Amino acid sequence: MPASMEKLRVFQRAASPGDVHSLAMLPSGTSHRQLDAGRRGVLEALDTFVRTLPNEAIEALCDVLGNLETVPAKKRLTAALSLRANVDIRPFLPFLRDQRTELVSLVARILGDTKNDRAVEPLTGLLKHRDPNVRREALEALTKLASGR
């Protein structure tokens with residue numbers, strides 16, 4: 001089992017049952033599959049679940065985000081992580097250097113959805129990324145931050 005999945009399981013067990021809802025019920029190693037399957041209870045629990053997690057768990061969820069395959073699951077987890085990034089962008093920053101360019105793009109989107117001026121510098125660095133999709137997402141994120149949307 002990848003270390004990120006194990007971290008996620010540890011934090012699932014540590015959180016209170018009301019916060020975790022159906023995510024706590026996930027069998028070992030199936031979190032990204034359950035999200036991809038679009039199980040309604042799992043998707044609805046994400047916002048509350050993500051807000052209660054420490055930074056280490058946010059890092060694990062970013063790794064899960066990088067393994068998701070379906071657009072609805074990516075959108076829902078990205079939205080939940082965006083709420084958390086409003087509080088602290090630091091756990092997201094290492095993923096701007098990830099080899100998975102789609103994950104880098106998603107994290108850029110997350111940072112662009114914040115109202116956090118501290119996201120400007122890391123996003124600016126992505127404007128020189130080797131992947132044109134990452135560069136485009138970084139530019140869109142910076143535009144959002146500048147316009148306050």
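The expected span of a helix is 1.5 Å times one less than its number of residues. In this predicted model, helix α7 covers residues 101-112, and its 12 residues reach 16 Å from the first C-alpha to the last, close to the 16 Å expected.

**The chain as a whole**

The protein chain contains 9 helices and 0 strands, and its pattern along the sequence is α-α-α-α-α-α-α-α-α. Of its 149 residues, 48% count as buried. Among contacts with a separation of 6 or more, 63% join residues 24 or more positions apart. The chain exposes about 7600 Å², of which carbon and sulfur atoms supply 53%.

**Helix α7**

Helix α7 is mostly covered, with 9 of its 12 residues buried. The buried residues include L103, V104, L106 and I110.

The table lists helices named here with their residue ranges.

| Helix | Residues |
|---|---|
| α7 | residues 101-112 |
| α8 | residues 120-125 |
| α9 | residues 132-147 |

**Residue H129**

H129 is placed in the loop between α8 and α9. Is H129 buried or exposed? H129 has a relative accessible area of 12%, and because buried means under 20%, H129 counts as buried. Not counting residues up to four places away in sequence, H129 touches T101, V104, V134 and R135. Of these, V104 is itself one of the buried residues of α7.

Conventions: Residues are numbered from 1 along each chain as its sequence is written. This is a predicted model: local features need pLDDT of at least 70, side-chain atom pairs count only at pLDDT 80 or more; totals for chains, interfaces and linings use all residues. Side-chain values use heavy atoms; hydrogens and water are left out. Helices (H or I, at least four residues) and strands (E, at least two) are DSSP runs, numbered from the N terminus. Buried means under 20% relative accessible area, exposed over 50%, partly exposed in between (1.4 Å probe, protein chains only). Contact means heavy atoms within 4.5 Å. Accessible areas come from the Shrake-Rupley method with a 1.4 Å probe; for residues, only the protein chains shown count as cover.
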